[in-house]
Amino acid sequence: MAMAFKMATTGMWVTDECKNSFMDMKWKKEHRYIVFKIDEGSRVVTVDKLGGPTEGYDDLTASLPTDDCRYAVFDFDFVTVDNCRKSKIFFIAWSPAASRIRAKILYATSKDGLRRALDGISYELQATDPTEMGFDVIRDIAK
């Protein structure tokens, strides 16, 4: 397995698959969202789930575990008040209250390294429950 990018602060590695999947989402629109997870044993960030181009935000939120942390990126397409079509990529740091303390710390300290490896993120959200990352929150931020 080729390791593309090492996160200096935590010793985590971001795989080429993470970066390549993100580029496919950003440029080719092959994915609507990507969920990433950290393998604590190997200290590697990997792709956990790829959302197809026809999937929506509800599919992303349904794919996040209720008791473990994850990172996610979502390609939000919208129309501005000036009737212009736009797309913004959101980075979501998901850390539910029911997740283990060790996982919360690991994900919090590794977040910036993953963000640096994924070039082109417009906005970042941190959420501990679904209301903090609801669709209305995404829409209001993207305006």
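This is a predicted model: local features need pLDDT of at least 70, side-chain atom pairs count only at pLDDT 80 or more; totals for chains, interfaces and linings use all residues.

Modeller: A disulfide requires the two sulfur atoms to lie within 2.5 Å. The structure as a whole holds zero disulfides. Cysteine 69 is buried, its relative accessible area being 0%, whereas cysteine 84 is partly exposed at 37% relative accessibility.

The aromatic residues may be taken next. Nine aromatic pairs are counted. One of them joins tyrosine 57 and phenylalanine 74 in an edge-to-face arrangement, with 4.9 Å from centre to centre and 70° between the planes. Tyrosine 57 belongs to helix H2, residues 57–63, and phenylalanine 74 to strand S5, residues 70–79, so this pair ties together parts that are 17 residues apart in sequence. Both partners are shielded: tyrosine 57 is buried with a relative accessible area of 5%, and phenylalanine 74 is buried at 3%. The two residues also belong to one aromatic cluster, whose members are Tyr57, Phe74, Phe76, Phe78, Phe90, Tyr123 and Phe135. A contact of another kind involves phenylalanine 91, over whose ring sits the charged end of arginine 115, 5.8 Å from the ring centre.

Strand S4 comprises residues 44–51 and pairs in the parallel sense with strand S2, residues 12–15, over two bridges. Within this pairing, valine 14 stands opposite valine 45 in S4. Strand S3, residues 33–39, runs antiparallel to S4 and is joined to S4 by seven bridges. There, aspartate 39 stands opposite valine 44. S3 and S4 form a hairpin with four residues between them, and arginine 43 in the turn has a positive phi of about 60°.

Serine 42 lies in the loop between S3 and S4 and is partly exposed, with a relative accessible area of 41%. The C-alpha atom of serine 42 is separated by 8.9 Å from that of tryptophan 13, although the two residues are 29 residues apart along the chain.

Positive phi values also occur in other loops. Lysine 29 has a positive phi of about 60° although it is not a glycine. This lysine lies in the loop between helix H1, residues 16–28, and S3, and lysine 29 is partly exposed at a relative accessible area of 36%. Asparagine 83, likewise not a glycine, has a positive phi of about 65°. Asparagine 83 is placed in the loop between S5 and strand S6, residues 85–94, and is exposed, with 64% relative accessibility.

How values were computed: Residues are numbered from 1 along each chain as its sequence is written. Side-chain values use heavy atoms; hydrogens and water are left out. Buried means under 20% relative accessible area, exposed over 50%, partly exposed in between (1.4 Å probe, protein chains only). Rings of Phe, Tyr and Trp (its six-membered ring) pair if their centres lie within 6.5 Å; planes under 30 degrees apart count as stacked, over 60 as edge-to-face and the rest as tilted. A charge sits over a ring if NZ of Lys or CZ of Arg is within 6 Å of the ring centre and within 35 degrees of the ring normal. Two strands pair if DSSP finds at least two bridges between them.
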